[in-house]
Amino acid sequence: MTIETLIALVACGLVGIGLFGLIAQPHPLRKLVAFNVMGSGVFILFGALARRGAAAGLPADPVPQALLITAIVVAFAATAMTVALLLRLIEATGSASLASVPPDGDGEAR
Amino acid sequence: MSFVFDLLSIAAIAAGGLFYLAGTVGLLRFPDAYTRLHALTKADNLGLALIVLGLLFQADSLLAGLKLVLIWLLVMLSGAAVSQLVARAERRRESL
Amino acid sequence: MTVVVSLAVALLLLALAVWTVIARDAFPAVAGFIAYGLLLSLVWVRLDGIDVALTEAAIGGGLTGALLLGAVGRLRGTEAAAESERCGVGLRSFAMLLALAVTAVLMLCVLALPEPAPTVAPQVVQNLGATGVGNPITGVLLAFRALDTLLEAIVLVIALIGVWSLAPEGAWGGRPGLRHFSDPDGVLAYLARLLPPIGIIVGIYLFWAGADHPGGKFQSATILAAMWMLVIMAGLADSPRTDHRGLRGGVVAGPLAFIAVGLLGLASAGAFLGYPPQWAKPMIVAIELALMPTLVLVLALLMNGTPARDGDR
Amino acid sequence: MAEFLLWMAAFVVLMVALGLLRVARGPGRAERMMAAQLLGSGAIGALLLIGAAAGEPSVVDVALTLALLSAFAGVAFVKFAVRQDRQAEDDGAGRVSAPGRPRRSALEREARKVVQ
């Protein structure tokens, strides 16, 4: 098995682990961390595909790699935005609960 | 000549690996935070220092060598500062 | 042999990911995530993506970690409350099954990938000469797929506006977060005085190297933003007022200059973001230079968060 | 030579992995703060070795970036821990009056964040 196939398979595992955490963890911050794990799994999978595209003397296909750099920076921006939302939610309601307000629902988490 | 350099590299890097080993053993076996911190800084400073020293024998330009030394100095600096802060935080926590 | 290293890294990565997801408290989970981010840069090196490894080392290991730690510090006991919302065994096993199914399908797809793999690397190499840059990734970012980079810069600015818009009544335009204080003769202040000059030199070096070797504006901007944050965290400087005109100008200057260069291309080369021959490299450098302050400002301000106090005017 | 370097890189990664066990077990925050330190120096060492083995000089730049940013992450860890302690102390002060409590230290001032 080549290195990129090995790493690609690991990346699939990371996506699964992140997905599990995203659903099973109740706290929004934990969901955010899990989502980041999932996202990095997707990035690594994409990076492994880029490595498979090695040609013309380059060790990997540069187009997906360039997109990955963009993706990592955007993922940071999205994480920062989510953290800001979460902190504001805690400040405004004193809780980090994502459950709907009692009159609308029966406290079902997301 | 390059054979001698290779030997020196291997000796230094292997010694560096030993310090990483010692640091990890200390981290796992020592009884409290301060002694663990002591073990950790050995891995940081000496382990990395010996690896950098070993790689210096393989460096092919002055700039590459300087960068290696700079990395080591940076890790030393942050290691020294952060372990001081960790130890103080721990001491303060204990005195509460 | 090289497989052993990859295998060691891969197993450690999986273990850290599991720890991050199942740890009981938020702090160990975030600590695990920072470790995970540091390790990811090793993976990128194994995948021959040095440029990506640089970005990951700077953002995944540093900025995201510090951002999440800051958030954990402000959860104020909401964790215990969330514990009561922990979903039941049914949902947990459903999540487990779903995760396993997704992983299995992805793995099957990986194993069924076409041989030989599709690639555009030859086209990039063929046309790289026309851009005048030596690093193919910089070429892709600023010439072949420059539109992506432009949109990314705009997305960053929009994210920042989003973070600012969450400001409570009366704090709009004020300073974000809390004022940090530290002993001016303490260790932290010492580190925050010593490290930034080195960081600035390394940042500029990476920026300069980015034209021909791995590196570039994103990595460089992240380092510079981290150094600025270090100074703020050590209490040597306050976070900036978000209604400062120069600051706001700097935030939008990069995308505006990018668009201006694009329109110039429309006039001179007949396509938006097209570069006339011979002018490609100067125009690319101009975009990079203009984007640099924007990226530093936006990344640092995103770290700082929502304006929360009016500060001293 | 390259072979040896890669084995050493694997060894360093293994050592860091074992060290992380301590981090996972705790018991205190100090152990977890050491994580940033241990991982930083371990990842930097492994990166340098892998880079030298692959003959890829740019990997040194990644290690350099990591050195700077792990220092930053380390500071974030410490600030976090000190702040938590201060919160805990404030909570404690609200409930019990503790006459024998130590006076506020310089470090505490270091950690203090005040809303102006």
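A polar contact is a pair of N or O atoms within 3.5 Å, where within protein one atom must be able to donate a hydrogen and the other to accept it, and where residues adjacent in sequence count only if both atoms are side-chain atoms. The views below show a predicted model, in which local features need pLDDT of at least 70 and side-chain atom pairs count only at pLDDT 80 or more, whereas totals for chains, interfaces and linings use all residues. Residues are numbered from 1 along each chain as its sequence is written, chains are lettered from A in the order in which they are written, and side-chain values use heavy atoms, with hydrogens and water left out.

**View 1. Polar and charged pairs between chain A and chain C.** Between these chains the rule finds 14 residue pairs in polar contact, both residues being at pLDDT 80 or more. One salt bridge is found across the interface of chain A and chain C (a side-chain nitrogen of Lys or Arg within 4 Å of a carboxyl oxygen of Asp or Glu). Arg51(A) forms a salt bridge with Asp48(C), with 3.2 Å between the closest N and O atoms.

**View 2. The area buried between chain A and chain C.** About 7,200 Å² is buried between the two chains, and carbon and sulfur atoms give 80% of that area (accessible area, 1.4 Å probe, that two parts lose on being put together, summed over both).

**View 3. Helix H6 of chain C.** Just after H6(C), Gly132(C) takes a positive phi of about 85 degrees.

**View 4. The interface of chain D and chain C.** Here 46 residues of chain D are in contact with 58 residues of chain C (heavy atoms within 4.5 Å). The two chains bury about 4,800 Å² between them, 79% of it on carbon and sulfur atoms, and the count of salt bridges between chain D and chain C is zero.

Terms used: Helices (H or I, at least four residues) and strands (E, at least two) are DSSP runs, numbered from the N terminus.
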